[in-house]
Amino acid sequence: MAARKVSKGCGAHPARRAALIVAACAGIGPTLTIAPALAQSLMADGQTLPAYDGNEGFWTDKDQGPALAPTESPDGNTRMADGTEATQVSSVASPSQQVRIAPSVNAPQRGTAATVLADNVTLDGNKQLTASGGVVIWYQGTRLIASRVIYDGQNGGAIIEGPIHLTQPDRRGTRDETIVIADSAQLDPNLQDGILRGARLVLARELQLASREMRREQEGRITTMDNVVASSCNVCASDPVPLWEIRARRITHDAQTKMLHFDQPQFRAFGVPLASLPSLTAPDPTVERMTGFLRPQFRTTSSLGVGIKLPYFITLGDHADLTVTPYVAASRTTTLELRYRQAYSNGEMEWNGALSRDDIEPGETRGYLFGAARFELPRGYQLGVQLQMATNRAYLLDYDITDADRLWSGLTLDRVKRDRMVIARIGNYESLRDDEPDDITPSVVADALWERRWQPDRIGGIASLEWSMHAHRRQSNEDIIGRDMARASVMLDWQRNEILPGGVVGTVETQLNTDFYTINQDSRYEDFVARADPTLAAELRWPLARHSGGVTQIIEPVAQLIWSPERDAEDEVPNEDSRLIEFDEGNLYSLDRFPGWDARESGLRANLGVSWTRIDPTGWQLGVTAGRVLRSQPDSAFDGTGPLGGKRSDWLLSANYSGTNGLALVNRALFDDSFTMSRNELRLGWLKPGLQVSAGYLWMDSDPREDRMEDVSELTAVAGWQIRDGWWASAETRYDFAENRAQKAELGLEYRNECVTVEMSVKRRFSSSETLREDTSLDLGVRLGGFGKQQSGPGTVARRACLR
């Protein structure tokens, strides 16, 4: 941001107040600099991608680079598009956007005069200046408010009578804000150093330290307080005992290193002494990263017993850190967890791992290692690296690491621009499921895709060209179950829209798909298959709108006719990537509803539907969509089963509602002509102050083609609500109605006030198998406010106030 000059004139003050300008007014020209913030986002394929402000990109100056927040926990439960779990690169905590004021070349230097405002000002023959009545003194960015000030012009000291309020207004609202309050003081001319009596120091408006006497040295950098009490709790005259406090013989605060040193501290809760130490060092509330112990976590599980985690955070410069977390449980369980993170000028990475020896598998050493990295390359390319290894799934669940049942390790390379896209990916899958042996599931998988879109000059419309390749390999060498495949595909597409008479929107589209397959170790198919699938489509839409009494209603019938030749038996290939098919309002008017390349819709078909939307002036909205697919002949690609298997598909009926109170509902159903339901999905979301609800119910008929041998009837729900100020409750459940039992359940309770946060949760896992067992865990964490920068949580904070 460009520097901006701010000039101050010597103006007249109100007549009722006397003013003395000790020296001529000097204009100050500050330079305003705003630091950019750096974060990251999760891509659709589960990889992490840095997000920039504007066109800045990554930090280029390593001395001002991002700092990793020590308490940030990676989300290991983020699903990737292929069903694996994504190891997220940790969030990067950059300095908050703050204004730094740097004096210009004309700024007053040390020894320049101060500005004094007061009701009464006198100057005697001994050069002693006395100001009384609402005294305000400005000097080098420091503001002092007092009732009476006596300044000795010969010695340069000042005697101040309170109440005294000493601040630096340019730091107001920033994490460097410091407030000093005292009854009386004797300060040096710089108004920073000296002795204050009956003093109280407030750091970042969180931690307050009170003592009878406070000494400040080195221009306010070092503050020493004797016989001091420290707490971040509100202290009232009617109730002077805080929720917790630390009493010490001496506390020293270094404003430069942002450290607090306690000499002979004693921790008290509700006025009762609980623990004493010879000395203690802790960060002040402004610290985001500093070597030291983090908040301990108490954890009890039915498998491991009572245990405690005590993480120790180690800073390795501004761009790297290491967290070492020993975990000891009652059942002779010993675990060491490690986390290493580093930020570069063009990317970042994170490694998480652990090693354990426990009674669950006596004599065995179990562990895991997850790593992820993301780098920005020249010309807009992004390189992603991911590594996932684990002894077994039971270990990941026993130690509450992740619910992943498939692991993926590999490399990704992508670039996305306005008119073109490049994506490449190669890696290895490891299945942790009991029903997926590693030798018959694809392990090594490689994919590449290049796509470009443009507008042809002569025919208009939008054209696109896509090249893609895929290959996968199984470990088994047996026929059929050890099948290996490779594919290369080319797709050319063109479509054009026109508005016809009467407001009808017409669309024509043509598409040509060409595939080349090599198939090994499967005697049922040819070793090499080449096929071409042309497609022609025409569509008519007639959007109609009506506006009356502030209400807007929109109805839109759609008819789409599609033709592509029937598939020949000699063109058949194994269906590896298109086994799970969705049929919803999102693909009702699609040329092909198969998610991959191995299977495609063919024949003559018509997609018919109509949608209706009502928009109310009060803000709520209601929409309904209905439709189905008609075919001249059943499509062999669906094997005659499922909602799309016959000449007439199931009816699709979808309704959605969104209100001004934060409530959103979506229901999608598939049923035949006799109203027999094959699938139904209900989603509910309710977001408002003090309430967060997300729930879903799913019903699906059994379908052997999709390896679903039994009906699915399942409820999932996540909720959080404000019980009262400071109290936030949460619940999560997953219930299987087909099995008539819960799969998981979790309850959480959190209390937060201005000085303490208590988090409690209980989890129950009901699933069991040869490698998994039912388990119940209880977690407890306590965090004191005022030491290190605190992360905000859901709900409100119970801030106690003093009654007057």
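Visitor: Hi! How many helices and strands does the chain have?
Guide: The secondary structure comes to one helix and 50 strands. Here helices (H or I, at least four residues) and strands (E, at least two) are DSSP runs, numbered from the N terminus. This is a predicted model, where local features need pLDDT of at least 70, side-chain atom pairs count only at pLDDT 80 or more, and totals for chains, interfaces and linings use all residues. Residues are numbered from 1 along each chain as its sequence is written, and side-chain values use heavy atoms, with hydrogens and water left out.

Visitor: What is the mean pLDDT of the chain?
Guide: The mean is 82, and 84% of the residues reach 70 or more. pLDDT is the predictor's confidence in each residue, from 0 to 100.

Visitor: And where does it stay under 50?
Guide: Residues 1-87 are one such stretch, and the model has 210 contacts for them beyond four places in sequence. Residues 90-111 also have pLDDT below 50, with 59 contacts in the model beyond near neighbours in sequence. A contact means heavy atoms within 4.5 Å.

Visitor: Staying with contacts, what share join residues at least 24 apart?
Guide: Among contacts between residues at least 6 apart in sequence, that share is 49%.

Visitor: How much of the chain counts as buried?
Guide: Of the 804 residues, 40% do. Buried means under 20% relative accessible area, exposed over 50%, and partly exposed in between (1.4 Å probe, protein chains only). The accessible surface of the chain comes to about 42,100 Å², and 56% of that belongs to carbon and sulfur atoms. Those areas come from the Shrake-Rupley method with a 1.4 Å probe; for residues, only the protein chains shown count as cover.

Visitor: Let's switch to disulfides. How many does the structure hold?
Guide: It holds one, joining cysteine 233 to cysteine 755 with an S to S distance of 2.1 Å. The pair links distant parts of the chain, 522 residues apart: cysteine 233 sits in the loop between β16 (222-231) and β17 (244-254), and cysteine 755 in the loop between β48 (741-752) and β49 (756-765). The cut-off for a disulfide is a pair of cysteine sulfur atoms within 2.5 Å.

Visitor: Is that link right-handed or left-handed?
Guide: The link of cysteine 233 and cysteine 755 is right-handed, with 85 degrees about the S-S bond. Both cysteines are buried.

Visitor: Now salt bridges. What's the count?
Guide: The count comes to 51, taking a salt bridge as a side-chain nitrogen of Lys or Arg within 4 Å of a carboxyl oxygen of Asp or Glu. One of them pairs aspartate 533 with arginine 567 at 3.0 Å, N to O. Aspartate 533 lies in strand β37 (residues 528-541) and arginine 567 in the loop between β39 (551-564) and β40 (603-615), so this bridge ties together parts 34 residues apart in sequence.

Visitor: Which other arginine forms a salt bridge with aspartate 533?
Guide: Arginine 600 does, with the closest N and O atoms 3.4 Å apart. Arginine 600 is in the loop between β39 and β40 while aspartate 533 is in β37, so the pair ties together parts that are 67 residues apart in sequence.

Visitor: Are those three buried or partly exposed?
Guide: Aspartate 533 is buried, with a relative accessible area of 9%, and arginine 600 is buried at 8%. Arginine 567 is partly exposed at 23%.

Visitor: Which residues are linked in a network of salt bridges?
Guide: Asp358, Glu361, Arg366, Asp398 and Arg765 are. Elsewhere, the side chains of arginine 752 and glutamate 750 meet in a salt bridge at 3.1 Å, N to O. Arginine 752 is buried, with 9% relative accessible area, and glutamate 750 is buried at 13%.

Visitor: Back to the strands. What does leucine 203 touch?
Guide: Leucine 203 is in strand β14 (residues 194-203) and is buried at 2% relative accessibility. Not counting residues up to four places away in sequence, leucine 203 touches Glu177, Thr178, Leu209, His253, Leu260, Asp284 and Pro285.

Visitor: Last one: which residues form the nonpolar patch on the surface?
Guide: Phe298, Ile308, Met760, Leu780 and Val782 form it, with about 370 Å² of accessible area together. Patches are made of residues with over 30% relative accessible area and no salt bridge; like charges are joined within 9 Å, nonpolar side chains (Val, Leu, Ile, Met, Phe, Trp, Tyr) within 5 Å. Isoleucine 308 lies in strand β24 (residues 305-309) and is partly exposed, at 35% relative accessible area.
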